[in-house]
Amino acid sequence: MSPVQLAYEQLKAYEGLSTSAAGVGKDLVNEPMIRHWCEAMGDTNPAYRGPDAMAPPTMLQAWTMGGLSGHADRSGAYDELSTLLDSAGYTSIVATDCEQEYLRPLRPGDRITFDAVIESVSERKTTKLGTGHFITTRMDVHANGEPAGTHRFRVLKYAPAARPPKTAERSRTSQQSSHTPERSQAPQQAPQPSSHTSERSQGARQPQAPGQPRTRRPRPVINRDNAGFWEGVAGHRLLIQRCTGCRTLRFPWLPGCNACGSPEWDTIEASGAGTVFSYVVMHHPPFPAFTVPEHEADPPEHGVDPPERGSDTSGPQAVAPGPHAVAPGGPHTDVPGPHTTAPDPNPHPTPYAVGLIELAEGVRIVSNVVGVPYDKVRIGMPVRLEFLRADEELELPVFRVAEGGEA
């Protein structure tokens, strides 16, 4: 059903309405939270430690967040606007960007207050995702009554664009491949995986169960800042940015150096070795697209043999969602002949581990730890890079527990 075109004046009437007036941060700016933030981000700037420490500016929003219990001082304006758009068919939402402006440093002991308004509602826009309206909220943050910064957050409320079924397209592709195999050898294409990997990849088109194809993973957001990373993954290379000014390594990919501000950079290829720095186990919400039997990973690229068919596998795994990592999946054949991957014996989503992996080069990446059950993942486990084919279009880096690494 096509969305209803709302009168723009009706939406514009929400501009300037308060979403939270005289909000109060639940905690004072404090040293433990600053320390946790810096450890998670790998930020060792000495300005964030010691008796004259200040909070990292990018923590601005953190001091305003209400946690699971939320804030009691929200108005109903934003909910009313969302309900209006929902009723007109714009039922999906995606965050698009945020902007922050810093007016003064925040230091331990500062009391944070804030006011938030609906700053703007766009006219109807057509995007690749679908047709909808951009909503921008602005939060003005104060510290001890003084202006401290501004946080703008923008979302798109949209009606998803209709997408044609891909069954016929896949069928045509398969027929073309069978009649013109030389096309797959075109030198202009990205490097082809090994013959063993290619045989496994053909199984990506098998359904999870008769009449129930596996849910596809969300696509990564690829832009000019991170396209090189995904090109590397397609060639089974995990690339890390390196500033050509101060030689600092950085990950995830950024347009400029955090250490010296230089926009010039090159890349180095990760060795593939790493350890589990931290991890979480995802239980809810259950989402089948983020669950995949561990044995569906491509063979390791660094000398670790895949598990024998018929041996105990480690259970479902999935890559965590986010701006630089998405979830794998899709059944694959393992070796040619009768040894093929059986349909997933447990098609229901189950818990899976998401790890923060510290690479040997010193940077960290969010991905999955495979090779052990989710409840056996431990901090400090040695892991090794491999690549998981999610479907016919997408491969993802994951990390397998090194031999002898399980406690």
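Predicted model: local features only at pLDDT ≥ 70, side-chain atom pairs only at ≥ 80, totals over all residues.
Side chains of opposite charge can pair when their charged atoms come close. The structure contains 16 salt bridges. One of them joins R154 and E99, with an N to O distance of 3.7 Å. R154 belongs to strand 6 (residues 146-160) and E99 to strand 2 (residues 92-102), so this contact ties together parts 55 residues apart in sequence. E99 has a relative accessible area of 38% and is therefore partly exposed.

A further salt bridge links D110 to R104, whose closest N and O atoms are 2.7 Å apart. D110 has 7% relative accessibility, under the 20% limit, and so counts as buried.

E386 and R400 also meet through their side chains in a salt bridge, at 2.7 Å from N to O. E386 is in strand 15 (residues 382-389), whereas R400 is in strand 16 (residues 395-401); the pair therefore ties together parts that are 14 residues apart in sequence. Elsewhere, salt bridges with shared partners connect E119, R138, D140 and R152 in one network.

An open sheet is formed by three strands in the order 8-7-9, with antiparallel pairing. Strand 8 and strand 9 are the edge strands, and each pairs on one side only. Strand 7 (residues 239-243) has four of its five residues buried, so the rest of the structure largely encloses this strand.

Strand 7 pairs with strand 9 (residues 265-269) over five bridges, in the antiparallel sense. Within this pairing, W265 of strand 9 is the bridge partner of C243. I268, also in strand 9, is the bridge partner of I240. On the other pairing, strand 7 meets strand 8 (residues 249-250) over two antiparallel bridges. Here R242 stands opposite L249 of strand 8. Five residues lie between the strands in the hairpin of strand 7 and strand 8, where R247 adopts a positive phi near 70°.

Helix 2 (residues 31-41) has a side-chain contact at its start: a side-chain oxygen of N30 comes within 2.9 Å of the backbone nitrogen of M33. After helix 2 comes G42, which has a positive phi near 70°.

Aromatic contacts were examined next. A pair of aromatic rings is described by the distance of the centres and the angle of the planes. The count is four aromatic pairs. In one of them, the ring centres of F229 and W230 are 5.1 Å apart and the planes lie at 80°, so the arrangement is edge-to-face. F229 is buried, with a relative accessible area of 3%. W230 is buried as well, at 9% relative accessibility.

F229 also forms an edge-to-face pair with W253, at 6.4 Å centre to centre and 65° between the planes. This pair links distant parts of the chain, 24 residues apart: F229 sits in helix 6 (residues 227-234) and W253 in the loop between strand 8 and strand 9. W253 is buried, as is F229. One aromatic cluster comprises F229, W230, F251, W253 and W265. W265 of this cluster is the strand 9 residue that partners C243.

A charged side chain also meets a ring. R364 lies over the face of F277, at 3.6 Å from the ring centre.

Key. Residues numbered from 1 in each chain as written. Heavy atoms only, no water. Salt bridge = Lys/Arg side-chain N within 4 Å of Asp/Glu carboxyl O. Buried < 20%, exposed > 50% of the residue type's maximum accessible area, 1.4 Å probe, protein only. Pairing = 2+ DSSP bridges. Polar contact = N/O pair within 3.5 Å; in protein donor to acceptor, adjacent residues only side chain to side chain. Phe/Tyr/Trp six-rings, centres within 6.5 Å; stacked < 30°, edge-to-face > 60°. Lys NZ or Arg CZ within 6 Å of the ring centre and 35° of its normal.
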